[in-house]
Structure formats: structure tokens, C-alpha cells
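The following paragraphs lead the reader through one structure, step by step. The sequence and the model are shown first, and the explanation follows.

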Amino acid sequence: MEGIQGMNDMGRVIEADRAHVWHHLAQHKAFETSDPRVIVEGKGIRVWDARGKEYIDAVSGGVWTVNVGYGRESIANAVRDQLVKMNYFAGAAGSVPGALFAEKLVTKMPGLTRVYYSNSGSEANEKVYKMVRQIAHRVHGGKKWKILYRDRDYHGTTIGALASGGQDERSKQYGPFPEGFVRVPHCLEYRKQWDVENYGERAADAIEEVILREGADTIGALVLEPVTAGGGVIVPPKGYWERVQEICRKYDILLHIDEVVCGMGRAGAWFGYQLYGIKPDFVTMAKGVASGYAAISCTVTTERVFEMFKDDASDPLSYFRDISTFGGCTSGPAAALENMRIIEDEKLIENTIAMGDRCLGNLQALMEKHKVIGDVRGKGLFLGAELVADRQTKEPVAEKLAAQVVAECGAQGVIIGVTNRSIPGFNNTLCLSPALIATPENIDEITGAIDVALTRVFG
Ligand SMILES: Cc1ncc(COP(=O)(O)O)c(C=O)c1O
């Protein structure tokens, strides 16, 4: 294959990887008898592994990240130009791309005005938690320090972020966790917790019940994914968001929307929360912000919140005393600016809506054919198919069978995902999130491979 440098040395690369790299979220025993996957090149929606095998990547770099696709020279050039001019200075100072990206970003987020830079989704969320705690001290006399989070949602891998995680297989064995993070029920209607007509409102009322139980004067914020990602691709039911917003206003609770996955077009809008007309106090984002061309995350908030940290300049503890060393890297906002230009100029949000509809339609058609698909759901190019052993009882398929479907797709040159080490007993939802540049042919190739894989695994 053309363009891959040093293919002859790939045996060495694989051995070096096997000997020295500790892979993310991987049980390494398997690498004693099979090679670790090494991805060496990407172009558009396709990637190639060390053996030269070509794949269509239906998960944008594995974890919903490479929104504009691989091999974008204009992003690489923007980053290079910025790096040779000014690569880094600590974030107490400003930078040219930092200022320009923040200005551009907030034009897509009416009501929000301030951007705080860091490096990962986990870190962006931790910033909010620290802000909420500091607001509790400074504004509420030490009250309103608790943070509500939802069952099945994920907000990151650090200890604080895990404390706010609703995926028990992610947090098990890493405790004890800090106090003050309180769980509210999930809103997945397919896995009903209440037998009612207006499920969305009922699921939101469950949040109010927790607030009343804990005491509204103890709760500072509520963090939610707009559409839950790794917890099973959960699209909140009708009526949910309106009620959530109402509850937050009623009890003076700040609403923090985690757009780490849904942000930057993935769900068919600049940000997922905009699909529901909600007005958050904090929005965090990471993955698609620079499509993985550089590390960047943002914590975005309102002028109202920002003002709380500068109202008393005579108090040396009054401001947000936080720093993220690499939040000062200029490569992130330089890449993010060009990434946003591409999304706009190539009309990728419009494409995401159209291709998302096509993909959802294809999955619905597969559901007719394969009884093992119990439910399909999603927004834009962010979709899931939940696999069940029995449609009546909704018993999830065994995890290893879901993994086999992923492997059978891989054998056909299609990389798909599955909820992984997430909810005990429910790692059974296939995940799709191709790059926002996907064509109708790409979508059909992806769902065609799933069709074949389901037949091979379940008959
Ligand atoms: C919704 C959500 N929030 C936060 C994170 C954490 O982001 P990071 O891995 O960049 O720390 C993730 C990662 O998958 C995520 O899915």
C-alpha cells in the first residue's frame, strides 16, 4: 500500500508495542497469543493497520473523536504554522488561536461567553466540579456543594470524574471516591423503571425526588450527557429536558451538560443540548473539538458564573485558582479553529443529519430481519443497536456474543464499537459514530457488514 512509511519495520513496531505499551481499556493477556492492533494510516473515513488491512472506521477513532475524518492537511498545516510561531505559554496569558477559537466557539453557543482550556474531557468536567464547589463556598455559605449525576452516564476517568460516573464497571475497585456526588436514575425508556405514559417527565421527576431527599440547599449542580454515549446510546424521551430545565430553575441548581461526545456536530447540531432547546450554565467538550488532531478540551460557561469569580478582587482566594499546564498549548485551539471551519464550509452538520437518518433507517430495517436487535436509537451520526437474547424479556445477549459481532465486522474491514466495561450485565449495545463526512455508500457498507456479522453470530 502506498504512503505508509517503514512498513518493513512493522514487525519491530508490533514487538515494541507488545513489550512496552500499556494499552487503554485492554486486558493484555490476549496479546500473548495475538498481535496488538496498531493503526498506521488514515484517510477520510478509512484507516489501515500494520499488516496493511484496510478498514472503514465506523467509530471515528474508536471513541467518537475524528469528526472531520483522517488526513486533513489543512489542520496539520494550521497546527504546524502555529507551532513554529508560538507553541506554548502558560494559560495565565492568552494566545492568538486561543482567543480566536473562543470567540468563534461562543458564536455557536448563545448565552455562553467564557471558555476555559484544558486537555481532556475528564479534566474539563473536573473544572466544573471545582467551580461548583468554589461557588458553594463563596456564594452559598458552604451549602449547595453536592453534584447530581445520572445512572449510566460517564464523565471521565479521574477519581473525581469517576465519582460522578453512572457506569459501575468503570469505577469498581478504584474507590473510595470523594463525597458529594449523588446518583439520579437513568432515562432509558427501553429499560423502563416506571410504567407510565409520559416517561420523559417521569424520569425527570425522579431527579426532583433525589433533590428533595438530599435537600435542595445541598445541591449545586446537575451533570448530564445530552445523549448518553458509552452507557448505551440513550436518547432522552420526549418531555425529559423541559422538565429537567424546570427543576434546575426551581431549586437554583446549575445545569452542566457534558458534550464531550455529542459536541461539534456529532448529534446533528453544533451541540447536543441545542436539539432540546435547553439553556445550560456549563458545557464541557473535548473529543471532536479538534477531531483528535491535537489535545484540547473546553469548559464553557455564562457571564453570570464568570462574574462570581471576580466580584471581590481584594480577596486573594476569590478567583478560580486552577491551572492546566497543557491548557496553554496553542496546537489545540489552532486545530480546533480549522476543524470548525471545515464543519461549516463542508456543511457537515447537514450531512450528519442526512446520513444519521439513513443509518437509523438501515438499522431499523436490520431490526426487521434480526430478532436479536431489541432496540435501535440515536441522534445524528451517533447510533446504537441494543442486542437481546429475547425480545419479550429483553434479556441482554451475552457480552462475548456482542464482542463477536464486532469481531465479525472487523473481519469484513468495518470497525464498529460496543458498550464496553460500562453497565454490569448490559455491555450489549453496538455503537456507530462514523466521521461526519460519511457518504451514503459508507453508511450502507457499515450496516451491510453488521447484517452479515449478525447472521454469522446468531444465524
Ligand atoms: C461523555 C463523556 N464525558 C467525558 C469523557 C472523558 O473524556 P476523556 O477521555 O477525554 O477524559 C468521555 C470519554 O469517553 C465521555 O464519553
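Predicted model: local features only at pLDDT ≥ 70, side-chain atom pairs only at ≥ 80, totals over all residues.

**From one residue to the whole model**

Arginine 341 belongs to helix 11.

Two packed helices are described by the angle between their axes and the distance between the axes. For helix 3 (residues 73-85) and helix 11 (residues 331-345), the angle is about 145° and the axes are 9 Å apart. The crossing of helix 3 and helix 11 is right-handed. On the side of helix 3, the contact is made by Ser74, Ile75, Ala78, Val79, Gln82 and Leu83, which meet Ser331, Ala334, Ala335, Leu337, Glu338 and Asn339 of helix 11. Sorted by class, the residues of this contact between helix 3 and helix 11 are seven nonpolar, four polar and one charged.

Seven strands make up an open sheet with mixed pairing, and their order is 4-10-9-8-7-5-6. Strand 4 (114-118) and strand 6 (181-184) are at the edges and have a single partner strand each, so one side of each is left without a neighbour in the sheet. On average, and with direction ignored, neighbouring strands of this sheet are turned by 20° against each other. Within the sheet, strand 9 (residues 282-285) and strand 10 (residues 297-301) pair in the antiparallel sense over four bridges. Threonine 284 stands opposite threonine 299, a residue of strand 10.

Helices also lie across these strands. Helix 5 lies across strand 4, strand 5 (146-150), strand 7 (219-224), strand 8 (254-258), strand 9 and strand 10, and runs at about 30° to strand 10. Helix 8 (residues 199-214) lies across strand 5, strand 6 and strand 7, and its direction is at about 145° to strand 6.

Helix 5 leads on to the ligand. Which helix gives the largest share of the shell around the ligand? That share, three residues, comes from helix 5 (residues 121-139). In total, 16 residues surround the ligand, and the closest are Ser120, Gly121, Ser122, Gly156 and Val260. By class, the shell around the ligand consists of six nonpolar, eight polar and two charged residues.

How values were computed:
Residues numbered from 1 in each chain as written. Near = placed C-beta within 6 Å. Helix = DSSP H or I, 4+ residues; strand = E, 2+ residues; numbered from the N terminus. Nonpolar A, V, L, I, M, F, W, Y, C, P; charged D, E, K, R; others polar. Axes fitted to C-alpha atoms, helices over the stretch in contact; angles between N-to-C directions. Left-handed = near helix turned anticlockwise from the far one by under 90°. Contact = placed C-beta atoms within 7 Å. Pairing = 2+ DSSP bridges.
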